[in-house]
Amino acid sequence: MADFLQLLVAGLATGAIYALAAIGFTLLWQTSQTINFAQGEFVMLPAFLALIAMNLGAPFPLAALIAILGAMVILGLTFKLAIVDPLIKSGPLPLVISTIGVGLLLKDGVKEFYSAEAQPFPKVFPETPFSLGGANFTYAQIAVLGVALAVIMALNWFLAGTRTGRQMQASAQNPTVARILGINVNRMIFYTFLINAILAAVASLLIAPSQFAKFSQGEQLGLAAFVAAIVGGFNQVRGAIVGGLVVGVADNFAPTLLSAAGLSSAYRQALPLFLLVLIILFRPQGLVGRKEERAI
Amino acid sequence: MADDFILTLQDVVGGYGRMTILNGTTARIRRAAITTVIGPNGAGKSTMFKAIFGLLPVRSGRMTLEGRDTTNFTPRQMLDAGVSFVPQGRNIFAELTVRHNMELGGVALADQSGLPRRIDAMMQRFPILAEKAGAQAGTLSGGQQKLLEVARGLLLEPKLMLIDEPSIGLSPLMVQEVFGILKALRDSGVTILLIEQNAKQALQLSDYGLVLEQGQTRIEDKASTILADPRIAQLFLGGGLAPAAQ
Ligand SMILES: Nc1ncnc2c1ncn2[C@@H]1O[C@H](COP(=O)(O)OP(=O)(O)OP(=O)(O)O)[C@@H](O)[C@H]1O
Ligand SMILES: [Mg+2]
């Protein structure tokens with residue numbers, strides 16, 4: 001039982017980070033039909049922006065802020081203007097291929113201009129363990145979970161509780177009707193890209209202390225976010241949250257389950273894909289998904 | 001007198017991609033009256049509304065609103081000029097509340113501080129919407145959803161309202177209610193341009209009628225005259241009118 005709790009909390013902490021990336025992924029899809037195959041690299045990059053700022057002498061809080069703002073400029077504004085806007089008219093395929101290219105560019109850019117080695121990242125939250133009911137947790141795990149959930153709640157509040165947020169929802173649900181009401185749909189899409197960049201930056205800063213920052217990290221992160229989005233139904237923010245948590249928890253339970261089944265722990269890498277296949281076979285609309293509907 | 005016409009279309013040509021749907025459409029819509037556009041399926045009625053409202057590029061021809069050239073205005077510009085559009089089908093945001101749906105009708109309002117007051121006034125005008133203000137719009141009946149769309153379209157207090165087949169899928173009682181609202185609007189000075197499948201019923205309610213076929217205006221006249229025209233029955237039985245009919 002104690003082991004179970006331990007794995008569960010560790011899984012939720014990782015899962016909450018995946019959820020951030022998956023929410024961003026879902027938002028881009030909802031508002032602009034952009035399937036961002038560079039999402040993993042979007043989560044990889046901001047930690048390096050923070051490292052660069054710290055190398056230049058910035059204290060961590062400032063470096064984190066620079067990472068978030070840098071992400072908004074590079075992964076939000078530039079990505080939207082330079083890649084998505086010119087290509088979106090040509091249908092989804094050219095855009096998908098371009099996002100794969102963007103992912104490669106970011107990955108090899110970091111490798112070439114920063115380092116190919118995994119970079120230690122400051123431990124923002126203390127890794128000191130504490131035990132509760134026989135299970136061991138770290139303060140860092142709890143803090144990561146707390147920060148990720150707080151960001152998710154803030155986003156939900158923004159989308160549901162502000163007029164701009166509701167205009168974004170309207171633009172995603174039915175862009176034609178949104179335009180008919182005078183909503184500046186393109187601006188709402190732009191906000192989505194900014195939000196995605198912020199989510200990616202937060203995820204990056206949360207995951208870097210425990211996994212280090214590495215140029216190739218995006219492969220695993222991107223796959224996790226993609227699978228989380230699919231598991232959740234692909235077209236809903238709350239689906240992405242559930243999906244992220246499911247993938248994170250499954251990932252943490254995998255070694256125990258695999259060894260119990262007498263299988264090599266190497267299969268752990270394949271777990272997201274396994275989940276993906278299960279979902280596509282048995283529940284293609286996702287765990288909390290619904291069928292797409294669109295008027296006009 | 002040209003001033004009687006709030007909206008004019010002169011030889012408007014437009015369509016989807018390379019396909020031409022509006023093939024020189026011409027219309028003169030009278031102020032503070034209900035004009036119903038009728039015509040067979042696929043005649044281009046909805047397309048005409050989309051072109052008027054700036055949702056479809058116009059390849060040639062000209063449109064004016066109160067004498068001002070509005071050809072290829074954006075929807076936002078049309079709203080600012082005093083036109084609103086309730087399209088065909090289901091156009092509410094199902095997951096937002098009734099009140100929040102209504103609020104989105106006020107996005108184009110220049111003075112946003114006046115929005116809550118306008119929403120409250122609209123709620124008073126449609127008590128059923130006030131009753132359901134906090135409910136998800138998707139939980140409303142089809143007729144209530146249409147009322148919500150109409151109310152949302154009225155929030156900017158438009159001079160001209162384009163309404164595409166509001167009665168489709170509604171119960172006869174609800175149709176009467178919607179038509180009643182349109183008449184009241186007309187009596188308060190709003191111009192209504194309506195598309196209706198049920199031509200007879202709609203023309204009985206209207207002041208003027210416009211018959212569109214293959215993207216061209218065949219008849220533009222008083223509703224009562226069109227109702228009495230034997231060719232109309234023929235048209236709706238699929239016979240078609242000769243272009244020289246006018
Ligand atoms: N988005 C679109 N893309 C391509 N073609 C379209 C589109 N919308 C309509 N059309 C075509 O344009 C033609 C006119 O359509 P439109 O919707 O204007 O007809 P309508 O007179 O409103 O008919 P209905 O009574 O069925 O509503 C039809 O042949 C239709 O198939
Ligand atoms: Mg139509």
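Is A:Gln33 buried, exposed or partly exposed? A:Gln33 is partly exposed, at 31% relative accessible area (buried means under 20%, exposed over 50%, partly exposed in between, with a 1.4 Å probe and protein chains only). This is a predicted model, where local features need pLDDT of at least 70, side-chain atom pairs count only at pLDDT 80 or more, and totals for chains, interfaces and linings use all residues. Residues are numbered from 1 along each chain as its sequence is written, chains are lettered from A and ligands numbered from 1 in the order written, and side-chain values use heavy atoms, leaving out hydrogens and water.

**Around ligand 1**

- Ligand 1 has 15 residues around it, and B:Gly42, B:Gly44, B:Lys45, B:Ser46 and B:Thr47 come nearest (a residue is near if one of its heavy atoms lies within 4 Å).
- By class, the shell around ligand 1 holds five nonpolar, seven polar and three charged residues (Ala, Val, Leu, Ile, Met, Phe, Trp, Tyr, Cys and Pro count as nonpolar, Asp, Glu, Lys and Arg as charged, and the others, Gly among them, as polar).
- B:Tyr16 has a side-chain N or O atom 3.3 Å from a nitrogen of ligand 1 (a polar contact is a pair of N or O atoms within 3.5 Å).
- On its own, ligand 1 exposes 630 Å², and the protein buries 62% of that (areas come from the Shrake-Rupley method with a 1.4 Å probe).
- In chain B, strand S2 (19-30) and helix H1 (45-52) are the elements giving two or more residues to the shell, with H1(B) providing the largest share, four residues (helices are DSSP runs of H or I, at least four residues, and strands runs of E, at least two).

**A nonpolar patch on chain A**

- A:Phe274, A:Val277, A:Leu278, A:Leu281 and A:Phe282 make up a nonpolar surface patch with about 550 Å² of accessible area together (members have over 30% relative accessible area and no salt bridge, and nonpolar side chains are joined within 5 Å; a salt bridge is a Lys or Arg side-chain nitrogen within 4 Å of an Asp or Glu carboxyl oxygen).
- A:Leu278 belongs to helix H11 (residues 271-282) of chain A and counts as partly exposed because its relative accessibility is 35%.

**Positive phi in loops**

- Most residues other than glycine have a negative phi.
- A:Gln33 has a positive phi, near 50 degrees, and lies in the loop between helix H1 (2-32) and helix H2 (39-55) of chain A.
- B:Glu157 also has a phi near 50 degrees; its place is the loop between helix H6 (142-154) and strand S7 (160-164) of chain B.
- B:Glu157 is exposed, with 57% relative accessible area.

Key: Polar contact = N/O pair within 3.5 Å; in protein donor to acceptor, adjacent residues only side chain to side chain. Patch = residues over 30% accessible without salt bridge, like charges linked within 9 Å, V, L, I, M, F, W, Y side chains within 5 Å.
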